[in-house]
Amino acid sequence: MFGRVLIANRGEIAVRILRACRTLGITSVVAYSEADRDTLAVQLADEAICVGPAESARSYLSASSILSAAIVTGCEAIHPGYGFLSEDDSFAEMTRAHGLTFIGPPPEVLERFASKAGTRELLARHGLPTIPGSEGMLRDDDHALAEAERIGYPVLIKPSAGGGGRGMRMVRSPRELQQAITICRSEARAAFGDDSLYLEKWLEENRHVEVQVIVDRYGAGVHVGERDCSVQRRHQKIVEEAPSPAIDEATRSALAVSAVRAVVAAGYENLGTLEFLVDTQGRYYFIEINCRIQVEHPITEMLSGIDLVVEQIRIAAGQPLGYTQADIQLRGHAIEFRINAEDVRNDFRPQAGVVERYLPPGGPGVRMDSHLYSGYEVPPYYDSLLGKLVVWGPDRQVAIARGRVALEELVLEGLTTNVEFHRALLGNEAFLEGAFTTNLIDRVGSAAFLAAAG
Amino acid sequence: MPDEPGGAIAGTAPASDPVSTASASGSSSSSGAGAIALVAERVVPALIAKLSASDLGELEVSESGWRVRLRKDLSAGAPGDGGARSGSGGRGAATHGAGAHAGHVGGAATGSASAGSSGAAGTGAGAAGRSAVVRRAAESPAVGYFTPRDGLATGQAVRSGDVLGTVNVLGVPQQVVAPGDGVVGRLLAAAGEAVEYGQELVRIDGIERAVDG
């Protein structure tokens, strides 16, 4: 096991990693930017080192600064948290080249899973269903029509090159397909200099369900169940829960078992999350893998009793998993509310300022992961996550009831937060029925969503 | 802007542009002979005029891909005794930038020259000058191991922007520069010592005129 670890992140996750290190008897050194001098992780750390100015490119994202900080403080490993350098295979390689350990998958594993398209192909070969699509690029209209017929409408026409929605159209009929394909070709040619197109099945009302896996260096792997992250706004997760209310037991089991089997077979290592889209019929399709700790990991910890950050560190240190799937018992229901500094009535604009008063909620099954304290000034340079309020109950109803109480109890003054949104969500019928889909907030509009809940 | 990037890294931030309005050259971006002519004919004279009229020790401007830095010897005395008062020395002065102190621009704090020069113009000539020792420190530009310049010793005179040593970041040396004119005071970090970003490494005592009111 490591004696000293550099924590190369900020905010709540830096505090979370610090706690895991303490649990393992590891001395932790917190790397921070000039803007984070007063943050909780720095105050709680065994040691702290300033790595650069507020600008993340010159601090948290600067591979050489972070690595140099680890070296000069005598650390043996670096925990990158999430975001920043957490999935950067060249940083992981650089870390190893200097004789230190990157806490996460080894560089060659990160590299193997770096490309989304490549990962989809790789895991499809190992038995994971992926979104149905055309076989290769569309040759002509006849080929497109035949492929669309085979996949089933509606389909999404996507350009092979580029991104950002250009050259992309959703079509519901052969007629629409024929009209759109010409436009898509010319848009793609103009935007990317490449007019090759392909088709993908369009999932209208989908849910985002992800599976947590832990795989050690010796090929032993387990899943720790799934999380449902369907409450999103513009593809940003806001609330997550586990287990998913959208799938039955048979699907739940098949999803998790196939996920862990596929990643073990594909040579994955360390903690990982496989993201899937689940359609209204309960069919699931793999979309991507996240090779790091996730923001929403606490709900899995509440269900399983496993400290995922500790597991991540242990595995990076070369320890074997030490338990099997049969040892993992998932119990009850957990919900995480991301508490963000943003104005929900003003297009969710991020807020900065001083936290005048902060009192986290408590009671049975309530956990608050946060770096806040009264008097802390939230800097404007980083993401708006202030903390994660996590509630657990023996079933979903109890978890929701505890969520309501905890949200009422949370005192966070001085900043505008999205707590109002969470309160509205707990009055939303679709959420209460467990029928929330990823497009719901954007389709209804957040103003209407808040108004409907009163 | 308490955390404005920059600190003591000379030349990393885009230089402020105190006289571009004076030079009125607009947004010309050519970098050929035309640009040189422009710099020579318009920017340099404007800069000299500005520097002579102010109590600043140094001005720097970027124009058409060129960077011009002009220094004057402060001990020789400047026409007009106006000057922006320097606040506390050290870290605060170096990082807070904007108009807090005259005498150094160096690219460290973007905008300090323009604010300083307008401040200097505003204080006017004829005000009673007063000398004060201003303490500053050269700060570490990065996390790494510090090596002072060969022969760097207490009592040496340095100018703003002088290289006082390096911080080795994974084998790549990064320069530690003097934040202002003055005399080397105490070395705050030993050779070979691990230092963090922004850490004060070399004390610089500068003499500067300050003015009341």
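Predicted model: local features only at pLDDT ≥ 70, side-chain atom pairs only at ≥ 80, totals over all residues.
Figure 1. Chain A contains 16 helices and 22 strands. Its radius of gyration is 23 Å, close to the 22 Å that the globule rule gives for 454 residues, so chain A is as compact as a globular protein of that length. Along the principal axes, the C-alpha atoms of chain A occupy a box of roughly 65 × 55 × 50 Å. Of the 454 residues in chain A, 47% are buried. Among contacts in chain A with a separation of 6 or more, 65% are between residues 24 or more positions apart.

**Figure 2. Packing of helix H7 against helix H8 in chain A.** Helix H7 spans residues 141–151 and helix H8 spans residues 174–192; their axes lie 10 Å apart and meet at an angle of about 140°. The crossing of H7(A) past H8(A) is right-handed. On the side of H7(A), the contact involves Asp141(A), Ala144(A), Leu145(A) and Ala148(A), while H8(A) contributes Pro174(A), Leu177(A), Gln178(A) and Ile181(A). Sorted by class, the residues of this contact between H7(A) and H8(A) are six nonpolar, one polar and one charged.

**Figure 3. Packing of helix H1 against helix H11 in chain A.** Helix H1 (residues 11–23) and helix H11 (residues 308–316) pack with their axes 9 Å apart, at an angle of about 65°. H1(A) and H11(A) cross in a right-handed sense. From H1(A), the residues Arg16(A), Ile17(A), Ala20(A) and Thr23(A) meet Val309(A), Val310(A) and Ile313(A) of H11(A). The contact of H1(A) with H11(A) comprises five nonpolar residues, one polar residue and one charged residue.

**Figure 4. Helix H3 of chain A and the residues that follow.** Helix H3 covers residues 63–72 and is mostly covered, with eight of its ten residues buried. The buried residues of H3(A) are Ser65(A), Ile66(A), Leu67(A), Ser68(A), Ala69(A), Ala70(A), Ile71(A) and Val72(A). Thr73(A) is situated in the loop between H3 and E4 of chain A. This threonine, Thr73(A), has 20 C-beta neighbours inside 10 Å and therefore counts as buried. Apart from neighbours within four places in sequence, Thr73(A) is in contact with Leu6(A), Val29(A), Glu47(A) and Ile49(A). For one of these pairs, Thr73(A) and Val29(A), the C-alpha to C-alpha distance is 7.6 Å, although the two are 44 residues apart in sequence. Gly74(A), which follows H3(A), has a positive phi near 75°.

**Figure 5. The side of chain A that touches chain B.** Here, 16 residues of chain A are in contact with twelve residues of chain B. Strand E3 (47–52) and H3 of chain A are the elements that give two or more residues to this side. H3(A) supplies the largest share of the side of chain A that touches chain B, with six residues. By class, that side of chain A holds nine nonpolar, four polar and three charged residues.

Figure 6. Most residues other than glycine have a negative phi, and most peptide bonds are trans. Pro154(A) belongs to the loop between H7 and strand E6 (155–159) of chain A.

**Figure 7. Phenylalanines of chain A with positive phi, Phe84(A) and Phe348(A).** Phe84(A) is not a glycine, yet has a positive phi of about 40°. The loop that contains Phe84(A) lies between strand E4 (77–79) and helix H4 (89–97) of chain A. Phe84(A) counts as buried because 22 C-beta neighbours lie inside 10 Å. Phe348(A), also not a glycine, has a positive phi of about 55°. Its position is in the loop between strand E15 (342–343) and strand E16 (349–350) of chain A. With 18 other C-beta atoms within 10 Å, Phe348(A) is partly exposed.

Note on methods
Residues numbered from 1 in each chain as written. Chains lettered and ligands numbered in written order. Helix = DSSP H or I, 4+ residues; strand = E, 2+ residues; numbered from the N terminus. Rg over C-alpha atoms; globule rule 2.2 N^0.38 Å. Buried ≥ 20, exposed ≤ 12 C-beta atoms within 10 Å, placed from the backbone. Contact = placed C-beta atoms within 7 Å. Axes fitted to C-alpha atoms, helices over the stretch in contact; angles between N-to-C directions. Left-handed = near helix turned anticlockwise from the far one by under 90°. Nonpolar A, V, L, I, M, F, W, Y, C, P; charged D, E, K, R; others polar.
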